[in-house]
Amino acid sequence: MRARALGYVLAAALVALTCAAPGLAHAATPSSADLVEDPTAWDGQTIEFTGEAIGEAMSRGDEVWLHLNDDAYARGTIEEGGPLSGYNSGHAVVVPPQMAERVTVFGDHKHRGDLVRVTGVFSAACSEHGGDMDIHASALAVVERGHDVTDPVATGKLWALAITTGLALLTAGAYLARRRPY
Amino acid sequence: MFRPTLDDHKVIGVYTGKVVLGVGMLMLVPLVTALVFAEWDTAVDFGIGLMACLAVGFGLQAICHTERELRRAQGLVVVSASWILATLLGAIPFILSGHIGGMVDAVFDVMSGLTTTGLYLIQDLDHVSNGLNMWRFVLTFAGGQGIVVIALTFLFKGVGGGIYQLYAGEGKEDRLMPNVVHTARAIWLVSLVWLAVGTGALTVTALALGQEPVRAVLHGLWTFMGAFSTGGFAPQSFNTVWYHSVVFEVLCIIIFVAGSLNFAVHWAVWTGDRAELKRNIETRSFALTMALFVLVAAIGLARAGVYPDAVAFVRKVFYVVASAHTTTGFATIYSRATVTQWGPLAMIGLIGAMVIGASSASTAGGIKGFRVGVITKAFVQDIRRMVSPDSAVVISRYHHIKDRVLNDATVRSALAISVAFLTMHALVTMVGVYCGYPVVEAAFEGISAGSNTGLSCGLLAPSTPDGLKALYTLAMWLGRLEFMAVFALIGWGWSAVRGR
């Protein structure tokens, strides 16, 4: 009985893999660095790209610009205690307005943005958008919802502020005491 | 060589202290920004930075108290010393923010801002606070005017020769008015009018492009500051790729070309002499070299066959070459795309544009159009002499605010500074190659730093060796102050040790 059940599971997995294989073959998952390092190789290909939505959605009539960062900070900003991991890195994506509405949190100092996965066609120099390097998305999914980020003041900084304020008052007093009209 | 007296040192200390107070005043802008946006941690960072500036500024003036006037020789030393202290104190909020890899990186970013270069090492820029971002743009806007110009405007009363050296030491030799303090205020008047109009235009455009009102205002202001100061800092890591708009790009071009013009030309136009724009040797030189480098980059890109149509081709080429030539550093392509899409020939076109730069007495860097124009005229004059009879007197003239006769002293000075720039670019490139980078990339990045441009081909990163970062920092400083103020500081130090 158990062996038969295992057989069913394996068969189902095999069928699922077979069905998914063509989709996987279409949707390669290059990083933003891969795309910029070899734009010609990726030009015109359908890719899957995942990154943190940054800034805002800029609506332009029947299309919306999103900017997705696939750097280390997409999984944890410095304010959240994430380590310094180099520059930001990401890509510009054009999506239809109804898709863009799914993205509700955008990354900035006080937020980690939604982690968004798009599938679309990469253009090394898009003829519709003035030669910009972009991805025209045909599918969008929010993988992980963004959230607020707090950045509390460290006690050590308050001490440093008190000490520098004291020094500033001291030197300002000394300056005023020695001041003569030139 | 005379050893400076204690009073000489005191005069330098007093005036340097005044400039440091000016830097402290600048920190009020990001401090208020941080408070408005309830960024308490950032506000404390700027509070510490402000208090440090006040302590050093007042401390220097108290310790070095003297009633002696500033002399010419001391003016240049004050400029250099002020830049060093402003850079170190300006780095405090960067370090406290946690977004920077260390002191070398923090100093790099402040120097890049003050010199209107625009290269940066700050990490996770897209999550920095509005307060810290404001500081980046205040640095670059103030650096474009000259931090000493700011101090001259608000904190100085004198009009003596030493005060002129303070002004000239930041690479601004043209006086708009007989009184240097009035000249400094005129520079501010021109800049603030541009600030109001430019920020307004960019903000309205950003709103139309789909930005929220508060972000549109901030992006409008910051992009203006980055453009007019020919600085090249941008609010987001995407630089001006962010906006995907030809209108926004045209506005940026107008603003950074305006910022790259000599303030004397601005003043001439301001006072009704519009013909100055067409007659000035610098604007003519700029137009010619711009056409040349657009052509070189266009040939390179046409060979690479990157862009799908003529409109995209012209839009990209003109924007990036104009950005390079005005030493702004804004880009509508990703940094690495300079290498992977544009290729070596187009990069050489950009390098040429960066080397020459824009106008003297502007916010721009590079050798400057004035020097290129003067050297070209001298070259043509020599050819004319060769083909003229021995008895002929060959005179060459040029127009810069007024008609002038080209003389040997002007040519010698132009050549000396040009050779200094080219030598620096060669050395910085060689060090880049020594560090293992390809020669074109090493030249591109090094010249971008030395000419205070800020375009990057992706060589510079937080992981770049500290020695190379420090060298770029020095190159930015030397390039902005055009060597003389830095050499004056070295000479001052040498005479203090070895003078009689």
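## Salt bridges and the domains of chain B

A salt bridge is a side-chain nitrogen of Lys or Arg within 4 Å of a carboxyl oxygen of Asp or Glu. By this rule, 1 salt bridge is found across the interface of domain 1 and domain 2 of chain B in this predicted model. Arg315(B) forms a salt bridge with Glu249(B), with 2.8 Å between the closest N and O atoms.

Domain 1 of chain B covers residues 6-259, and domain 2 of chain B covers residues 274-418. Taken over C-alpha atoms, the centres of these two domains lie 27 Å apart.

## The interface between the domains

Domain 1 of chain B brings 31 residues to the contact, and domain 2 of chain B brings 21 residues. Between them, about 2,000 Å² is buried, with 58% of this area given by carbon and sulfur atoms.

The rule also finds 11 residue pairs in polar contact across this interface, both residues being at pLDDT 80 or more. On the side of domain 1 of chain B that touches domain 2 of chain B, at least two residues each are supplied by α6 (130-145), α10 (213-228) and α11 (246-259) of chain B. Of the elements on that side, α11(B) gives the most, with 7 residues. By class, the side comprises 11 nonpolar, 16 polar and 4 charged residues.

## The interface between the chains

Chain B contributes 65 residues to its contact with chain A, and chain A contributes 61 residues. The area buried between the two chains is about 5,100 Å², and carbon and sulfur atoms give 58% of it. Within chain B, the most area is lost to chain A by His127(B), His244(B) and Tyr334(B), which together account for 14% of what that side buries.

Across the interface of chain B and chain A, 5 salt bridges are found. Lys157(A) forms a salt bridge with Asp41(B), where the closest N and O atoms are 3.0 Å apart. The elements giving two or more residues to the side of chain B that touches chain A are α2 (40-63), α15 (310-325) and α16 (337-356) of chain B. The most comes from α2(B), with 16 residues. This side of chain B has 33 nonpolar, 20 polar and 12 charged residues.

## Strand pairing in chain A

In chain A, strand β1 (residues 46-53) pairs with strand β6 (residues 115-123) in the antiparallel sense over 7 bridges. Gly51(A) stands opposite Val116(A) in β6(A).

Strand β1(A) also runs antiparallel to strand β3 (residues 63-69) of chain A, to which 2 bridges join it. Here the bridge partner of Ala53(A) is Leu68(A) in β3(A).

Methods:
Residues numbered from 1 in each chain as written. Chains lettered and ligands numbered in written order. Predicted model: local features only at pLDDT ≥ 70, side-chain atom pairs only at ≥ 80, totals over all residues. Heavy atoms only, no water. Contact = heavy atoms within 4.5 Å. Buried area = accessible area lost by both parts, 1.4 Å probe. Helix = DSSP H or I, 4+ residues; strand = E, 2+ residues; numbered from the N terminus. Nonpolar A, V, L, I, M, F, W, Y, C, P; charged D, E, K, R; others polar. Pairing = 2+ DSSP bridges. Domains from an automatic or database assignment. Polar contact = N/O pair within 3.5 Å; in protein donor to acceptor, adjacent residues only side chain to side chain.
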